[in-house]
Amino acid sequence: PALAFCLKDENPLRRRSAAAALAHIADFMALSRSTSASGVSESDSRDKERSNPLVAAVPGLITCLEDPNESVRKASAQALEQIGPCVGKAVVPSLAACLSDSSEEVRCAAAAALEKMGGDHAASAVPALAQCLKDDNVSVRKAAISALGHLGPAVKPALSELIACLHNSNFSVRCTAAESLQRLGPFAISALPALLKCMHDENVGVRTVAAAALGTLGSYAASATVAEALCRTLTDSHEGVRAASAAALGNLGHASAVPALVEALKDINEDVRRASAAALGQMREAAVSAIPQLHKALKDTNEDVRKVAATSLGLFGAVASGAVPGLTVCLSDTTVSVRKAAAVALGQIGHPSRGAICALNERLKDPNEGVRKASLKSYELLHRRRMERGGCGPGGDGTESANGIAAALLRLAEIMDSEDDRGDTWA
């Protein structure tokens, strides 16, 4: 209440300070909510937003958006941004009016506040934001582009203007436009031709984001033409473009991209190799022919590539049984995440080889709890499956299977009891 009262002070410095203080409080409250959000339902979260005590200061902040002092207007817009959607739709017309403010800083702050509101609240501001795409100031244009990218389906009336920004002479504007279209995903399918042209942009950042955006357009973009364009950029001179292209191909899932992705598993850059391995796993049935190359990737010098290769092999299921030997070796990898991924993958593939079962049994004494749990789950599955295939005891009553699993459970319990104070790294 005191800060809300200060917004009416005759001293502009005090009005600005009050608005800035409200912004800081809102930022702190948002941080507190994010750290305690675990286990809170979406409806409870909305209730907390609606009960935000800062909402009482919103009328004063709206009034300050018309303050004769530029710094007060800017601080008020920033405060409304930090308070967020709980301010309601009533503030949108005033923020939209600020998009034509004489100060570019106020225009930027207003666009940022509308971005925070989202499409459910700020849809009525779309025409004003579209007008800002022609602003003389680059920062204002970028702020408006970014805001439109957060409005979802509500952006439709301004979509053609947003797409046109991909041809702007300023590379940072083109890059921001591609980022917004990426965020809009399938809603921006009409941007497909323009994004394909951006794959030839002279700027690395534009090419990278354009590739990522193509991967978010959904099934309508999963054509041979798009796949061919992304396959070409798998050989781009910049690793960021190559990695983004691989990820996009994985999202689109076009089978024609498999040979190029397999070749990219040999890329000199580990990020490209990792993205290619992940993409092949996403494609599953369409990429079965890549299983031998993913098997080889389990020996990659980079731990993240090994982990992703193991994860991808697991996604193929039983058809990847030929990779079981390599995954079994990965159970002894020096990196925790690789060992865990290999244990999970062996269970997903479900091939009950004796070597895999014995190796999983050994991992029940792994220093890392996550590895132990993953190993136990896969061990139980494979051990039971092996017994079902004729590996039961002499009496054929499954006693050996039951005893084996019971022994593994007992062993794991003993290890966990005695090693609670051990670290999560492999010595």
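A: Let us start with a definition: angles under 35 degrees between two axes count as roughly parallel, and angles over 145 degrees as roughly antiparallel. Please keep in mind throughout that this is a predicted model.

Q: Which residues make the contact of helix 16 and helix 18?
A: On the side of helix 16 they are E239, R242, A243, A246, A247, L249, G250 and N251, while helix 18 contributes D271, V272, A275, S276, A279, Q282 and M283. Sorted by class, the residues of this contact of helix 16 with helix 18 are 8 nonpolar, 4 polar and 3 charged.

Q: What makes A279 a buried residue?
A: A279, which is found in helix 18, has a relative accessible area of 0%. Buried means under 20%, so A279 is buried. Leaving aside neighbours within four places in sequence, A279 is in contact with A246, G250 and L261. The C-alpha atoms of A279 and L261 are separated by 7.7 Å, although these residues are 18 residues apart along the chain.

Q: What makes helix 20 roughly parallel to helix 22?
A: The axes of helix 20 (residues 303-316) and helix 22 come within 8 Å and cross at roughly 10 degrees. That angle is why helix 20 is described as roughly parallel to helix 22, given that the cut-off is under 35 degrees. In this pair, E303, R306, K307, A310, T311, L313, G314 and L315 of helix 20 meet S337, V338, A341, A342, A345, Q348 and I349 of helix 22. By class, this contact of helix 20 with helix 22 has 8 nonpolar, 4 polar and 3 charged residues.

Q: How do you know that the side chains of R339 and D366 make a polar contact?
A: A polar contact requires a pair of N or O atoms within 3.5 Å, with one able to donate a hydrogen and the other to accept it. The side chain of R339 has such a contact with the side chain of D366, at 2.7 Å. R339 lies in helix 22 (residues 336-349), and with a relative accessible area of 0% this residue is buried.

Q: Why does T335 count as buried?
A: The relative accessibility of T335 is 12%, and the cut-off for buried is under 20%, so T335 belongs in that class. T335 is placed in the loop between helix 21 (324-330) and helix 22. The side chains of T335 and E303 are joined by a polar contact of 3.3 Å. Not counting residues up to four places away in sequence, T335 touches E303 and R306.

Q: Is R284 buried, partly exposed or exposed?
A: The relative accessible area of R284 is 38%. Buried is under 20% and exposed is over 50%, with partly exposed in between, so R284 is partly exposed. R284 is in the loop between helix 18 and helix 19 (291-297).

Q: What is the phi of R284?
A: R284 has a positive phi of about 45 degrees, although this residue is not a glycine. Most residues other than glycine have a negative phi.

Q: What makes A188, a loop residue, count as buried?
A: A188 lies in the loop between helix 12 (171-184) and helix 13 (192-198). The relative accessible area of A188 is 0%, which means that this residue is buried, because buried is under 20%. A188 touches L159, L181 and L217, not counting residues up to four places away in sequence.

Q: How many disulfides does a search of the whole structure find?
A: The search finds 0 disulfides, where a disulfide would need a pair of cysteine sulfur atoms within 2.5 Å. As for individual cysteines, C98 is buried at a relative accessible area of 4%, and C165 also counts as buried, at 7% relative accessibility.

Q: What does the secondary structure of the protein come to?
A: The protein has 25 helices and 0 strands. Of the 427 residues of the protein, 50% count as buried.

Note on methods. Residues numbered from 1 in each chain as written. Predicted model: local features only at pLDDT ≥ 70, side-chain atom pairs only at ≥ 80, totals over all residues. Heavy atoms only, no water. Helix = DSSP H or I, 4+ residues; strand = E, 2+ residues; numbered from the N terminus. Buried < 20%, exposed > 50% of the residue type's maximum accessible area, 1.4 Å probe, protein only. Contact = heavy atoms within 4.5 Å. Nonpolar A, V, L, I, M, F, W, Y, C, P; charged D, E, K, R; others polar. Axes fitted to C-alpha atoms, helices over the stretch in contact; angles between N-to-C directions. Parallel < 35°, antiparallel > 145°, perpendicular 65-115°, else oblique.
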